[in-house]
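Please look at the structure below with two topics in mind: how a chain is built, and how two chains meet. The report takes the meeting of the chains before the single chain.

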Amino acid sequence: MNGAQDLGGMMGFGPVQPEADEPVFHAEWERRAFAITVASGFCGRWNIDMARSARESLSPPQYLASSYYEIWFEGLRRLLTARGMVGADELETGSLLRAPLPGISAVPRERVAEVLARGGPTERAVASPARFRVGQSVRTGNLHPTGHTRLPRYARDKVGTVVALHGGHVFPDTNARGEGESPQWLYTVAFSGRTLWGELSSADSVRVDCWESYLMDADAPDERQDGRQDGREDRRAGGPA
Amino acid sequence: MADNAPHSHPNALSDMDVRVRALETLLVQKGYIDPAALDELIDTYEHRVGPHNGARVVARAWSDPAYKEWLLRDATAAVGEPGGFGFVGRQGEHLIALENTPKVHNLVVCTLCSCYPWPVLGLPPVWYKSAPYRSKAVIDPRGVLADFGVSLPAHTEVRVWDSTAELRYLVLPMRPGGTDGFSEAQLAALVTRDAMIGTGIVTLPQSAGANA
């Protein structure tokens, strides 16, 4: 989604302003907003891609005017109501008006460390061979999905070079919509600063992690016309590097 | 605190205080979350997991060539396995270490959100999550470095890594000169969070007692 979260290359925000001896949290409500967001995620009713998608669904004016934990809090409210865990009337009144969704039990304190340590690995087996190899020239798709995606606008329809192949990973674009993990090969693609930004950028190269369906063979111009050609035997580009 | 600072009345509950407390209460009443688990989460990331973890990893890589080779080859294992440090889990499931050299300087950003290697660096600072950094890092990384007071030679390649997937990047900064014979603990004390993101470089204080 071409939302306000996709900030790369925007101008006018002013200098980065590091804070000396910055505390982890700046207010008690930030501590609580952080913790209730993570703990609510433990209930298992959404995945990390859905959580990111919820935060990105804030309108651009609201997103840009909100602090980080305000965005988290608003995203959490949207997830809780979308899943029916909390009613909109309950959010409005702050009162318990409905029974909880069945089948959810809170993760107790003594299990927090274990759940955090397990994390959420995204590596998965992919049956088909990787289409691209390290060193290959690839072009990113000119993709503007209305849903969640992890291909930033600045890196769309650009030619770069594959510099790493990481194995199969959960595909966020489908996972965010509840359409399954649909794992794909994940690559790191290096773009020159000049390719992305022209002559004046001070970036020598920018590296973006790209799922396979974001990419096409840069030396096969017909692919731009015909779109993706998934699974074609003759497109095999070798196994994992 | 300045008179016009937004939090100059610590006894008055802000709108966000009220709203977050109300939602927390509701979620506890529903049985979805355990209040004690919230305290544990906060304590974990406020007091236990932080850049001191990453600093130990960097110090060992500077001290032990075999460990450095392991870290650069498989950072997830070198950081997470018992033979490494046991720093594992959420937002560090797939770690990659990037070595800074005189030729290449690596800088890590997440333009789309706030992806950050929690097990080694803790929760990200505000500037890392903010629009100025996320917008500027990919188009003008040297300008970002200047915001941090860092200037690199013109011949150093600046490589920016946008954390768009679940790979989490840790920068292995250059070891400063004059640290021969330093213990791992002494080295770790020099390593800053910013140096492990790529917005800083590790320097040796002029001398003991020079606090400026």
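## What counts as contact

Two residues are taken to be in contact if their C-beta atoms, placed from the backbone, lie within 7 Å. The model discussed here is a predicted one, and in it the contact between the two chains takes 70 residues from chain A and 67 residues from chain B.

## The side of chain B that touches chain A

On the side of chain B that touches chain A, the elements of chain B that give two or more residues are the helices α1 (15-30), α2 (35-48), α7 (126-129), α8 (131-136) and α9 (141-147), together with the strand β3 (157-162). The largest share of this side comes from α1(B), which gives eleven residues.

Sorted by class, the side of chain B that touches chain A has 34 nonpolar residues, while 19 are charged and 14 are polar.

## Chain A on its own

Chain A holds nine helices and six strands, and its C-alpha trace spans about 60 × 45 × 30 Å along its principal axes. Of the 241 residues in chain A, 41% count as buried.

Methods. Residues numbered from 1 in each chain as written. Chains lettered and ligands numbered in written order. Predicted model: local features only at pLDDT ≥ 70, side-chain atom pairs only at ≥ 80, totals over all residues. Helix = DSSP H or I, 4+ residues; strand = E, 2+ residues; numbered from the N terminus. Buried ≥ 20, exposed ≤ 12 C-beta atoms within 10 Å, placed from the backbone. Nonpolar A, V, L, I, M, F, W, Y, C, P; charged D, E, K, R; others polar.
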